[in-house]
Amino acid sequence: MSRIRVMVAGANGRMGRQVVQMVLKDKELEYLGGIDPSFPAENESILKNYPLYKNFEEAIIERRPDVVVDFTTPQTVKQNTEIALRMGVSPVIGTTGLTYEEILQLDKLAKEREIGGIVAPNFAIGAVLMMRFAQIAAKYMPNVEIIEMHHDQKLDAPSGTAIKTAELIARERKEILQGHQDEKEIVKGSRGGEYSGFRIHSVRLPGLVAHQQVIFGDQGQTLTIRHDSINRESFMPGVNLAIKRVRTLSGIVYGLEHLLD
Ligand SMILES: NC(=O)C1=CN([C@@H]2O[C@H](COP(=O)(O)OP(=O)(O)OC[C@H]3O[C@@H](n4cnc5c(N)ncnc54)[C@H](OP(=O)(O)O)[C@@H]3O)[C@@H](O)[C@H]2O)C=CC1
Ligand SMILES: O=C(O)C1=N[C@H](C(=O)O)C[C@H](O)C1
């Protein structure tokens, strides 16, 4: 059976480097090269042993991969994905920051071109379970707040995981007036961002990787569902699964849970 030909956009980034190593270790995958405007600084970088492009479109035209994995930036991911879909390449998108409307637009394009793609705000299995458990709890405990905590180089807030969690909670939660209606926010932003009547708080600190708590409250009790990615290896089994399954999908699938049994 022929190997799946893979390129990695954002290859020189924190996630991209991890993905390149994972692809190189898997005999079912063939690494065609990376795409990243910033070239690796260290001479010993493994990236330098393979083609490295600065321009996404040029790379896709020249190498013609089956799958392109995108861990770039919220500013560039939509354009990259449109190029990939127009060129018949299946996108595996980990980059966060796409709006729901943008995902729908990409889905339309993917279906027109009969190509499968996946947008997964979190590839860690534990995070997928955390979101599912929060969705279940929201039906019974509608008072809820989300606290997400990430490293201080993150470009988007709230995290893609927090947004997806909020979407799932909002689907199950009955509409309630949460908190005191006469609340006065003394320090602007201290109550976090509002999503569908509940709050999301974003913490950014060095030392953190990717963490989230979903806290539910009720009379005399709280329930806390927490997930921690303590390193970026946590995302690799999910990315690997997505690379192997993406070409069997129809249109853009939103969330790794759709690939799990
Ligand atoms: N879905 C998931 O499970 C996870 C998702 N993420 C998401 O992945 C994204 C990347 O995170 P992270 O690796 O930490 O970020 P980094 O900033 O470390 O890496 C992003 C890389 O992409 C490069 N880049 C920018 N524009 C382009 C482009 N047009 N084409 C190719 N490469 C480009 C950047 O170069 P330069 O620095 O020069 O701009 C940088 O090297 C974020 O959106 C993050 O939220 C992160 C972890 C897990
Ligand atoms: O930027 C990160 O690091 C992460 N981003 C994703 C998100 O926005 O949810 C996934 C994970 O939390 C790590």
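Biologist: How far apart do the C-alpha centres of domain 1 and domain 2 lie?

Modeller: They lie 28 Å apart. Bear in mind that this is a predicted model, where local features need pLDDT of at least 70 and side-chain atom pairs count only at pLDDT 80 or more, while totals for chains, interfaces and linings use all residues. Residues are numbered from 1 along each chain as its sequence is written, and chains are lettered from A and ligands numbered from 1 in the order in which they are written.

Biologist: Where is the chain divided into domains?

Modeller: Domain 1 takes 4-119 + 233-259, and domain 2 takes 125-230. Those bounds come from an automatic or database domain assignment.

Biologist: And how many residues from each side are in the contact?

Modeller: There are 11 residues from domain 1 and nine residues from domain 2; two residues are in contact if their C-beta atoms, placed from the backbone, lie within 7 Å. The domain 1 side has four nonpolar, six polar and one charged.

Biologist: How many bridges join β1 to β2?

Modeller: Six, between residues 4-9 and residues 29-35. Isoleucine 4 has leucine 29 as its bridge partner, and valine 6 stands opposite tyrosine 31.

Biologist: Which residues does the UniProt "binding site" annotation cover?

Modeller: The unreviewed entry lists His151, Gly160 and Thr161. The positions are in the numbering used here, feature names are shortened, and annotations may be inferred rather than shown by experiment.

Biologist: Is glycine 160 buried or exposed?

Modeller: Glycine 160 is buried, because it has 20 C-beta neighbours inside 10 Å. The cut-offs are 20 or more other C-beta atoms within 10 Å for buried, 12 or fewer for exposed, and partly exposed in between, with C-beta atoms placed from the backbone. Glycine 160 lies in helix α6 (residues 160-172).

Biologist: What about threonine 161, buried or exposed?

Modeller: Threonine 161 is buried, with 25 other C-beta atoms within 10 Å, and lies in helix α6. Not counting residues up to four places away in sequence, threonine 161 touches Pro121, Asn122, Ala127, Glu148 and Gln212. With neighbours within four places left aside, glycine 160 is in contact with Thr96, Gly97, Pro121 and Asn122.

Biologist: Last one: where is glutamate 257?

Modeller: Glutamate 257 is in the segment after β12 (251-254). With 17 C-beta neighbours inside 10 Å, glutamate 257 counts as partly exposed. Beyond its neighbours within four places in sequence, glutamate 257 is in contact with Val128 and Arg132.

Note on methods: Two strands pair if DSSP finds at least two bridges between them. Helices (H or I, at least four residues) and strands (E, at least two) are DSSP runs, numbered from the N terminus. Ala, Val, Leu, Ile, Met, Phe, Trp, Tyr, Cys and Pro count as nonpolar, Asp, Glu, Lys and Arg as charged, and the others, Gly among them, as polar.
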